[in-house]
Amino acid sequence: MNDLLELPWTKARDEASPEEYVRACLQAVEHLNPELNAFLSIDREAGKSSLPVAVKDNIVTTRLATTCGSRMLESFVSPVDATAVQRLRTAGAFVIGKTNMDEFAMGSSNEHSAFGPARNPWDPTRVPGGSSGGSAVAVAARMVPVALGSETGGSVRQPAALCGVVGLKPTYGRVSRSGLVAFASSLDQIGVVTKTVREAAEMLEIIAGHDPLDSTSSMEPAAEFTRDIGAGVRGIRFGVVQEAVEQLEGEVAENFASAITLLRSGGAIVEDAHIPSLRHAIATYYIVANAEASANLARFDGIRFGRRSGEGGSLEEVYRASRAEGLGEEVKRRIMLGTFALSSGYYDAYYGRAQKARARLRSEIVSELQRFDHLLTPTTPEPAFRIGEKVEDPIAMYLSDIFTAPANLAGIPAIAIPSGFSREALPLSLQIMGRHFAEAALFRVAAWFEAETDWWKRMPPINAVTVTR
Amino acid sequence: MKIDRDEARRVAALAQLQFDDEALDRMALEMTAILSYVDQLQELELPDGEEADSLPTPLRADTPHLPLDQPDVERNAPAWRDGFFVVPRVIAGE
């Protein structure tokens, strides 16, 4: 019965009762979670409806704790559901469990989780990427059909790429952020991890749309996102971002080149595009994101919720001791950097300049998206790296997001789709970016690429179908 | 940009974080390394004045609605008594 988990959920739904499907997922989670550490909590009684969804542990839910991968919120249970979760429930889905993540979504490997890293099902000595690593692992290993993640600089697309699944970052404002624990409010967006492009489109149809609880959520009507799937790529104009191409090496370069050849064979027009500011994207991102984080994370002070230290006499000492005990090293480092960048005497030189650099990057991208329908890069500069490899070198870790962070800084939608495998049998991924609110066009071209390649059908060596068969 | 122990201490105080001297030195080194990477932004020629890259955020209508119920708030409170969060004394007594 666990062969069901191999199929897209829409198809599995035709072949089994909802009860059978949910039971298969729960069994898969029980079997694989001890090894992969994808879930931080599991709801065994949640539901019998046909669509179990794994939800990243920074999206609040009333039935399970929302830890954000942090000791600070270890026992926090939200009194409300996030709007995206509410919409899933209304559509008949339920939350089967909450997924592992880098603490407060700060990381690209899942190693910054206070509860130990999730592991890559293609090779458990390697990272699954981050910060939505648990969500990517859960879908890649066929424990669940679909998952919610969140993005600030690539936190859905990068782990999706490293785990060989589809990752979507919608346009900024497309999905309500109400109930997404804030990291950098001008960049954050809830995204989805799925096996197929069509499933990503269907998930977005459920969660998208204006929400009075998030004034930055767009009034743009949520479209029928699957409508253009099947229309092909003939005549579609793709720009290949040269500032990304010049950084590519070895297998990633070869794989990217063959993706371009394939698109051309389908009748797409593929030409060079330029985003000169891409080379400054990570520097820009780390100032903007951390400045916002330093303000957003000020609320974790041990007073109204979360961990309170027993040390300290005065109110201020309680704040500091609680934060010292509750927050991990990477989170402290980023709060320190963000606080510095906003502090008197440094604001103009750091935050002010970064905002201007962001505006320039955005205008370069928007202008190239007038010449082209889509922009292309690999999703990541390299396949999954080993656990421990970059954890002592923050800059090397940050550069994992070099190709993904620009879409967040510009607010545009982007999708990561499997594009093949390295010689070590690790997934490689193509990133397609699109115009603001043009997700339907992204799904159209991504679905064509997927249908031509069928990479999604290949399962990792650690997977629920064979383990529980 | 070089961050020394005193500067790291100044920033830590602003951020309501605390470190012992050893951790402070380590943080200063890490911040220096990251900021020297970020300093590439100092070389960019960028326009003077304010960046014009944001739209105003629309405000919702100011209509009254019920807040969270007290028991929902209490459930996550580290210390709670008679409908209030308990904190250390803020104003010094006699």
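This is a predicted model: local features need pLDDT of at least 70, side-chain atom pairs count only at pLDDT 80 or more; totals for chains, interfaces and linings use all residues.
1. Local features here need pLDDT of at least 70 and side-chain atom pairs count only at pLDDT 80 or more, while totals for chains, interfaces and linings use all residues. Residues are numbered from 1 along each chain as its sequence is written, and chains are lettered from A in the order in which they are written.

2. In chain A, helix H9 (residues 281-296) packs on helix H12 (residues 348-371) with axes 9 Å apart, at an angle of about 125°. Helices are DSSP runs of H or I, at least four residues, and strands are runs of E, at least two.

3. Residues of H9(A) that meet H12(A) include Ala281(A), Ile287(A) and Ala291(A); among those on H12(A) are Tyr350(A), Arg358(A) and Leu361(A). Contact means C-beta atoms, placed from the backbone, within 7 Å. By class, this contact has nine nonpolar, two polar and one charged residues.

4. Val127(A) sits in the loop between strand S3 (93-99) and helix H4 (133-140) of chain A. Val127(A) counts as buried because it has 29 C-beta neighbours inside 10 Å (the cut-off is 20 or more within 10 Å). Its C-alpha atom is 5.4 Å from that of Ser109(A), 18 residues apart along the chain. Beyond four places in sequence, Val127(A) touches residues including Leu162(A), Ala384(A) and Phe385(A).

5. The contact between the chains takes 46 residues from chain A and 37 residues from chain B. On the chain B side, H2(B) gives the most, with seven residues.

Technical notes. Axes are lines fitted to C-alpha atoms, for helices over the stretch in contact, and angles run from 0 to 180 degrees between N-to-C directions. Two residues are in contact if their C-beta atoms, placed from the backbone, lie within 7 Å. Ala, Val, Leu, Ile, Met, Phe, Trp, Tyr, Cys and Pro count as nonpolar, Asp, Glu, Lys and Arg as charged, and the others, Gly among them, as polar. A residue is buried if 20 or more other C-beta atoms lie within 10 Å of its own, exposed if 12 or fewer, and partly exposed in between; C-beta atoms are placed from the backbone.
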